[in-house]
Amino acid sequence: QVQLVQSGGGSVQAGGSLTLSCLVSGRTDNIQDMGWFRQASGKDREFVATSKWIGGKRYYAESVEERFIIYRDFAKNSVDLQMNSVQPEAAADYFCAAQTALRTTAHLWMAVYYNYWGEGTQVTVSS
């Protein structure tokens, strides 16, 4: 079992920065990939970013590329999402996720392939 505990949500001004954290514990040796997804009110959950647990290869949704950074903080044993130049459309509930099977890159964009999830944290954007 893998446990994911999220922190760091809240309100951010448009154009500002916010970092979300996902504390990872349990059978971390089974983890292959970590991901961040978001779900705005009335919309489907969408992919934001993913990173290999080991090796750190990262992929981003086009809407956040070059503004958001997913990274592993080894000191905290967390996978964080640094959000820069946040735009109003980024307002959503954000979820971190872990998956423990070997997947092709194409699968990592899809929430259905992740088998462990954090509880979610809300991000609001003020203009």
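Select S21 and show its surroundings. Beyond its neighbours within four places in sequence, S21 is in contact (heavy atoms within 4.5 Å) with V5, Q6, S7, W36, K76, S78, V79 and D80. S21 sits in strand β3; strands here are DSSP E runs of at least two residues, numbered from the N terminus. S21 is buried, at a relative accessible area of 12%. Buried means under 20% relative accessible area, with a 1.4 Å probe and protein chains only.

Now show the side chains of S21 and D80. They make a polar contact at 2.8 Å. That term covers a pair of N or O atoms within 3.5 Å; within protein, one must be able to donate a hydrogen and the other to accept it, and residues adjacent in sequence count only if both atoms are side-chain atoms.

A word on what is on screen: this is a predicted model, where local features need pLDDT of at least 70 and side-chain atom pairs count only at pLDDT 80 or more, while totals for chains, interfaces and linings use all residues. Residues are numbered from 1 along each chain as its sequence is written, and side-chain values use heavy atoms, leaving out hydrogens and water.

Next, select C22 and C96. They form a disulfide, with sulfur atoms 2.1 Å apart; the cut-off for such a pair of cysteine sulfur atoms is 2.5 Å. C22 lies in strand β3 and C96 in strand β9, 74 residues apart, so the pair links distant parts of the chain. The link is right-handed, with 60° about the S-S bond. Both C22 and C96 are buried. The structure holds one disulfide.

Move on to M34. Setting aside residues up to four places away in sequence, M34 touches L4, C22, V24, A49, T50, S51, W53, I70, V79, A97, A98 and Y114.

Finally, zoom out to the whole chain. The protein has eleven strands and zero helices. Its C-alpha atoms fill a box of roughly 40 × 30 × 25 Å along the principal axes. Of its 127 residues, 39% are buried.

Technical notes: Helices (H or I, at least four residues) and strands (E, at least two) are DSSP runs, numbered from the N terminus. Buried means under 20% relative accessible area, exposed over 50%, partly exposed in between (1.4 Å probe, protein chains only).
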